[in-house]
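Dear colleague,

Please find below the structure that I am handing over to you. My notes on what was found in it follow directly after.

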Amino acid sequence: MKHIAFKISYDGSAFKGFQKNHGITSVQGEIENALKPIVGDVEISAVSRTDAGVHAFSQIFSFSYDTNIPHGRLAEVLTNAFSTRKSDYRKQAAIAIEGWAELGRAMNPRYFVKGKRYIYVFKKNAGSDIFARNYMLLTNGDLNVGRMKEEAKAFVGEHDFSAFRTQDGRSPIRKVFSANVISCEELNDGFHEPLTDEYGRISDIIALKKRLLPRLNLSNLQGYVFFAVTGEGFLYNMVRIMAGTLLEVGKNKFDKPVCDVLKSKNRQMAGITAPPQGLYLDEVFMNAEFPAFNVIDLEKHNDG
């Protein structure tokens, strides 16, 4: 029996969420369908179950298989399966293999996660853009970015996030390492500060420049505002409610301090649940026990 893990990215607008469910198109279902003719029936285990419409740059999953295909060869075959123009091209092209890791034993990656970074994308003064609406939250009018920055600071630390979740039976206590609202001006100006921590504002700016901006082909950043939050783990809809609350703060429609909302433990005190389309699972931080990933050369496979 062989064991392998993959790191993937996907366009969430093509799916009804990550988790497999009968009768819907899911990321998990598409992956398992692609694997079936290669290694037979397998069930994958993933670090995150993103909602319908949510995108990912760093989803990680693993599975075990019982064939003679070497790990590296399986990675090539699966990469080709998702980059080949087949009859259902829209779904095939919506998933890309970013890397793979050989596992010495069966390892559910969920138990080796030490943190996750999510990024939410706003565009102010946006009007209506039918081509952008699946990848960001378009909002009319300006946003008070200064107020959003200040209120986001209240999320940092270990808190009871009952006010920022939707029906979740797990403990509401969560630890947030960093929560930063980043304006387009900060990205355009550049920076010269050293990266001293994998969590924090500079790390968030590097992440934006490395993944989100080039993937969305955002060369003109005018009007964009980004909310980046990193924590040990998140409750159901937690990041979207945090983003929705900050949106209302930015529109000057929210007069309660976020720290008071946290203390209330009351969902009705927080802001709206922001739409899923603007949310990205940007990075998953694994602990040292989990093997490093071999990077897939996407350009090589796309050219083929």
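**The domain interface and its salt bridges**

Arg-240 forms a salt bridge with Asp-51, and their closest N and O atoms are 3.1 Å apart; a salt bridge here is a side-chain nitrogen of Lys or Arg within 4 Å of a carboxyl oxygen of Asp or Glu. Please note that this is a predicted model, in which local features need pLDDT of at least 70 and side-chain atom pairs count only at pLDDT 80 or more, while totals for chains, interfaces and linings use all residues. Residues are numbered from 1 along each chain as its sequence is written, and side-chain values use heavy atoms, with hydrogens and water left out.

Asp-51 sits in the loop between strand 2 (45-46) and strand 3, and Arg-240 in helix 7, so this pair ties together parts that are 189 residues apart in sequence. Helices (H or I, at least four residues) and strands (E, at least two) are DSSP runs, numbered from the N terminus. Arg-240 counts as buried because its relative accessible area is 13%; buried means under 20% relative accessible area, exposed over 50%, and partly exposed in between (1.4 Å probe, protein chains only).

The domain assignment of the chain gives domain 1 (2-111) and domain 2 (114-284), with bounds that come from an automatic or database domain assignment. Their C-alpha centres lie 27 Å apart. In the interface, 17 residues of domain 1 are in contact with 18 residues of domain 2, where contact means heavy atoms within 4.5 Å. The two domains bury about 1,400 Å² between them, 58% of it on carbon and sulfur atoms; this buried area is the accessible area (1.4 Å probe) that two parts lose on being put together, summed over both. Asp-51, His-55 and Phe-57 supply 45% of the area that domain 1 buries against domain 2, more than any other three residues.

Across this interface the rule finds two salt bridges. The count of residue pairs in polar contact between the domains is 13 (both at pLDDT 80 or more). A polar contact is a pair of N or O atoms within 3.5 Å; within protein, one must be able to donate a hydrogen and the other to accept it, and residues adjacent in sequence count only if both atoms are side-chain atoms. On the side of domain 1 that touches domain 2, strand 3 (residues 55-65) gives the most, with six residues.

**Nonpolar cores**

The largest nonpolar core has 76 residues, and those with the most contacts inside it are Phe-6, Ile-31, Phe-63, Leu-74, Phe-122, Phe-164 and Phe-227. Such a core is a set of buried Ala, Val, Leu, Ile, Met, Phe, Trp, Tyr and Cys residues joined through side-chain atoms within 4.5 Å. Helix 7 (residues 238-250) provides the largest share of this core, eight residues. Domain 1 and domain 2 both give residues to this core, so it lies between them. Apart from it lies another core, of 18 residues, among them Leu-187, Leu-208, Leu-221 and Ala-228.

**Other salt bridges**

A search of the whole structure finds 14 salt bridges. Asp-282 pairs with Arg-117 in one of them, the closest N and O atoms being 3.2 Å apart. Asp-282 lies in strand 10 (residues 279-286) and Arg-117 in strand 5, so the pair ties together parts that are 165 residues apart in sequence. Asp-282 is buried, and so is Arg-117. Salt bridges that share partners join Arg-117, Asp-204, Arg-211, Asp-282 and Glu-283 into one network.

**Individual residues**

Lys-116 lies in strand 5 (residues 113-123) and counts as buried, at 13% relative accessibility. Its side chain reaches the backbone oxygen of Val-47 at 3.0 Å.

Glu-158, in strand 7 (residues 157-160), counts as exposed at 57% relative accessibility. Leaving aside its neighbours within four places in sequence, Glu-158 is in contact with Ile-173, Arg-174 and Lys-175.

Asn-237, in the loop between strand 9 (224-231) and helix 7, has a positive phi, near 65 degrees, and is buried, with a relative accessible area of 12%. Asn-252, in the loop between helix 7 and helix 8 (258-264), has a positive phi of about 60 degrees and is exposed, with a relative accessible area of 51%.

With kind regards
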